Amino acid sequence: MAGHIVRNVVKRTTGVTGLAVHPQPLEALQRLYGETLEQLKKLPESASYRKETEMLTTERLGIVSKGTNIGEVERGIGFGQIEEAIKVAENELRLVHRMHRLRPWEDLIEKAPEGQWANP
């Protein structure tokens, strides 16, 4: 039987097109958040992205680790359904890999034109 129990009812669909019910959502989130935190260690400690993402991911991992049921975790994280939180966590992990590859914390190869970063 596909699905998981939410409020003593087996959840068979998320009601979101293209987003299937995850068979083990809490375990998946713990794994994704843990992997994200490990990958963030590859970025410089001074990188703003690392600092902010570590803080947010650590907070969310705490919610998942302390949660006693899926509904509690969904309310704590605040993304709606837990499958949506999984999708966001997967995307964040992909972004960490991309940030590591692109290295946006490094200086530009060429000096930016004057006024490039000025607000109008």
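Which residue forms a salt bridge with glutamate 106? The close-up views below lead to the partner, and they come from a predicted model.

**View 1. Glutamate 106 and arginine 103 form a salt bridge.** Here is the reply to the opening question: the partner is arginine 103, and the closest N and O atoms of the pair are 3.2 Å apart. Look for arginine 103 in the segment after α4. Glutamate 106 is partly exposed, with a relative accessibility of 44%. Arginine 103 counts as partly exposed too, at 34%.

**View 2. The backbone at arginine 103 has a positive phi.** Stay with arginine 103 for a moment and look at its backbone: phi is about 55°, although this residue is not a glycine. Why is that worth a close-up? Most residues other than glycine have a negative phi.

**View 3. Helices α2 and α4 cross at roughly 155°.** Two packed helices are described by the angle between their axes and the distance between the axes. In this view, helix α2 covers residues 48-66 and helix α4 covers residues 82-102, and their axes come within 12 Å. Because angles over 145 degrees count as roughly antiparallel, α2 is roughly antiparallel to α4. The crossing of the two helices is left-handed.

**View 4. Side by side, α2 and α4 touch through residues of both helices.** From α2, the contact is made by Tyr49, Thr53 and Arg60. From α4, Val88, Glu92, Leu95, Val96 and Met99 take part. What kinds of residues make up this contact of α2 with α4? They divide into five nonpolar, one polar and two charged.

**View 5. Within helix α4, lysine 87 forms a salt bridge with glutamate 90.** The closest N and O atoms of this pair are 3.6 Å apart. Both residues lie in α4, three residues apart, which is about one turn of the helix. Are they buried, exposed or something in between? Lysine 87 is partly exposed, with a relative accessible area of 40%, and glutamate 90 is partly exposed as well, at 27%.

**View 6. Glutamate 38 and lysine 41 meet in a salt bridge.** Find the side chains of these two residues, where the N to O distance is 3.0 Å. Glutamate 38 is partly exposed, with a relative accessible area of 44%. How many salt bridges does a search of the whole structure find? The search finds four, including the glutamate 38 and lysine 41 pair shown here.

Note on methods:
Residues are numbered from 1 along each chain as its sequence is written. This is a predicted model: local features need pLDDT of at least 70, side-chain atom pairs count only at pLDDT 80 or more; totals for chains, interfaces and linings use all residues. Side-chain values use heavy atoms; hydrogens and water are left out. Axes are lines fitted to C-alpha atoms, for helices over the stretch in contact, and angles run from 0 to 180 degrees between N-to-C directions. Helices (H or I, at least four residues) and strands (E, at least two) are DSSP runs, numbered from the N terminus. Angles under 35 degrees count as roughly parallel, over 145 as roughly antiparallel, 65 to 115 as roughly perpendicular and the rest as oblique. A crossing is left-handed if the near helix is turned anticlockwise from the far one by less than a right angle, and right-handed if clockwise. Contact means heavy atoms within 4.5 Å. Ala, Val, Leu, Ile, Met, Phe, Trp, Tyr, Cys and Pro count as nonpolar, Asp, Glu, Lys and Arg as charged, and the others, Gly among them, as polar. Buried means under 20% relative accessible area, exposed over 50%, partly exposed in between (1.4 Å probe, protein chains only).
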